[in-house]
Amino acid sequence: MGSCQSNELVTDSSQFEYQIGVKTGDRKGAGTDANVTVVLHNDDGQSTGQLHLDKFLKNDFEKGKKDCFKAVASFMSVIDFIEVWRDDGGLKDEWFLVSMEVYCKFSNKTYVFPFLRWIKEGYHYKIRHLDTSLPQHDPQKEQRLMELNDKKSTYQMTVRIPGLPIQAKEVPEDEKFSSDYQFDLVKLAAEITIKGEIVKVVSGDWDNLDDLGNIYKSDVFSKPSPLADGMWDTDEHFGFQRIGRINNSLITLCTEIPNKLAVTAEMLKPFLEGSTLPDVISKRKLFYVDLAIVEGIPVKSGLTVCAPIALFYHNKKSRLVPIAIQLKQQSADDNPVFLPSDPKYTWLAAKMWFNLADASYHESNTHLGFTHLLMEGCALATHRNLSQSHPIFKLLAPHFLYLIAINGLALTTLIDSDGWVQNTMAIGIDGMFELIKRKLDTWRLDVDGTLPKELETRGVLDQAVLKGYHYREDALPLYNIIKNYVTKYVKLYYESPATYSGDHEIQAWAQELVKPRSEGGCGLLGVPGEGTIANEKDLVCILTCVIFTGSVTHAAANFAQYDEYGFPPNYPMTMKGKPPTDKSALTESCILEALPNKAATFEIITITKLLSTYDTNKLGDYEMKYIYDPKAEQVLQQFQKELAEQSKRVQALEKKREYSFKWLDPDIVPNAISI
């Protein structure tokens with residue numbers, strides 16, 4: 001927090017000088033006008049007596065400020081814990097205390113006492129040096145229990161939307177945006193709206209695709225859209241969207257043609273570069289995406305969303321390209337298989353209708369449901385069951401920054417009955433919620449939340465399969481770096497099976513993760529140990545999933561939204577009319593007629609541009625310090641070093657890549673889901 005050391009001398013040989021630094025939190029109401037008293041203690045029963053922290057004619061303990069005080073007291077060779085309390089003096093007496101530092105001038109030692117707590121009036125808090133301990137090792141068990149009971153009443157859990165993940169009943173004050181990070185979607189959208197030439201954009205329909213492209217030449221949209229590379233309508237671009245844009249976890253190795261897909265070897269032969277169908281299957285060059293989960297979901301009146309299945313071929317140029325698209329699950333006369341040899345705009349329409357279903361899945365599940373909402377339950381369980389003194393709380397807390405706040409904001413501005421989802425997406429909020437419900441019934445932490453296993457289940461873990469899979473290329477090293485960090489950290493505090501069984505807080509945490517949502521828990525499936533943590537492997541798996549999902553998974557799903565959705569034909573969120581039911585030649589006019597009008601397009605562009613902005617610190621560079629234990633700090637420093645090395649690797653790869661995939665550079669992956 002900065003030095004509070006002084007060079008002043010103390011003349012009384014029986015008294016020694018202590019410098020006490022105090023850091024008050026940067027959050028609403030954090031400062032106090034109350035009178036603050038401290039006592040320094042050691043485990044041998046020695047103490048300094050009461051030291052009153054006050055500077056004459058100075059307004060101490062203001063929000064976000066650091067204060068330094070000089071105190072004179074009897075010498076103690078070691079300070080093991082500090083006792084702090086306040087009265088109810090002044091107009092404002094609530095106080096959020098981040099930390100205290102005590103420098104003993106005689107011994108030249110500094111002791112750090114992390115608080116990260118609201119200090120109640122009259123309660124004597126006793127915090128140990130570095131404040132990091134498992135509950136069975138903490139002498140302040142009564143205080144620890146009192147604080148956890150308070151947090152359970154503050155961090156109440158409820159199913160706000162039936163069938164969806166557990167959420168906070170109300171956004172706790174401590175989870176709201178700080179003064180340094182104010183995020184207001186409505187205000188930011190308005191600021192963009194009033195910037196130049198918008199009147200020319202927001203009325204009527206599009207005359208042609210060039211007409212749509214011209215809006216990106218204005219100063220309002222300085223960031224280029226996918227239109228800028230001239231590739232949005234090509235098969236190579238469409239294939240790359242499956243492995244290097246916003247929805248990278250559906251592409252699956254095809255070991256046999258699904259029965260429901262009405263293709264034949266003869267039909268596919270022209271697109272296999274001289275190879276036979278059995279040959280490309282045996283060489284692991286055939287892949288598919290099956291969006292069966294979308295079938296029959298609610299959509300807004302008059303609109304349609306398909307449930308397509310598509311085949312992709314990994315060609316000799318190591319590019320993934322589509323070779324067959326069936327827009328409905330079951331073959332029928334009015335459900336043909338569309339091919340690259342079909343008329344230009346007919347094939348383009350099939351790809352756009354496929355991408356509409358893919359976008360519906362992405363925004364519902366890849367993005368909202370299984371980063372934002374799923375991690376909110378994990379954050380709540382952590383706050384409710386792990387003391388601020390618990391080392392695992394300190395490990396996880398930075399990765400929950402503003403998560404509950406942004407979710408609360410989203411539910412009132414983006415995902416309500418008159419919000420952005422309802423206004424701009426064909427599925428509306430009813431379809432979105434239904435997709436999340438369906439996926440929640442099958443999502444497993446040990447599969448879907450564990451990247452190597454998730455890749456393995458789709459047949460794409462092997463680096464020799466599907467070369468150019470940029471998401472795997474960048475995400476897998478990050479998963480391993482996070483897992484390595486978590487493993488080293490856990491080893492510092494858990495030495496034996498008895499350490500796990502004796503930690504009642506971590507056991508309560510695990511139990512709340514698996515407890516059914518109907519009973520007030522998170523209801524997660526596939527949690528190793530099923531609510532009992534008995535070993536390092538299981539704990540590391542859970543922790544790695546939570547950190548990876550809140551940082552890397554969300555970054556991959558979120559920050560390319562403008563680049564993909566910002567040009568609606570590239571990745572439509574809604575389409576008018578009906579999907580093609582035969583191979584008749586369509587025209588550019590048919591494509592334009594299916595697109596949203598100018599006003600709806602502008603709304604899509606505006607919000608996705610906002611949601612693609614970066615505002616918080618990069619992974620490993622924490623906004624608030626939680627880890628003070630020197631051994632743990634060394635582990636964190638190694639984590640930061642490995643992230644920096646990975647960043648260099650990604651930046652080197654980017655220089656060679658035909659298609660950019662910058663979103664998993666650790667230098668821009670945020671710690672948490674805060675947008």
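Predicted model: local features only at pLDDT ≥ 70, side-chain atom pairs only at ≥ 80, totals over all residues.
Numbering runs from 1 along each chain as its sequence is written, and side-chain values use heavy atoms, without hydrogens and water.

Switch to cartoon. The protein chain has 20 helices and 15 strands, taken as DSSP runs numbered from the N terminus (helices H or I, at least four residues; strands E, at least two).

Show the C-alpha trace. Along its principal axes it spans about 100 × 55 × 50 Å.

Next, the second largest pocket. About 660 Å³ of space lies there. Select Ser-249, Tyr-361, Lys-439, Asp-448 and Glu-454: of the 30 lining residues, these are the closest to the pocket's centre. A pocket here is an open set of points on a 1 Å grid over the protein atoms alone, where a 1.4 Å probe fits, with protein on both sides within 12 Å along at least five of seven lines; lining residues have an atom within 4 Å of a point. The volume is the space filled by probe spheres set on the points, which are joined across faces, edges and corners.

Now select helix H16 (536–558), one of the elements giving two or more residues to this lining. H16 supplies the largest share, 5 residues.

Finally, colour the lining by type. It divides into 13 nonpolar, 12 polar and 5 charged residues. Nonpolar covers Ala, Val, Leu, Ile, Met, Phe, Trp, Tyr, Cys and Pro; charged covers Asp, Glu, Lys and Arg; the others, Gly among them, are polar.
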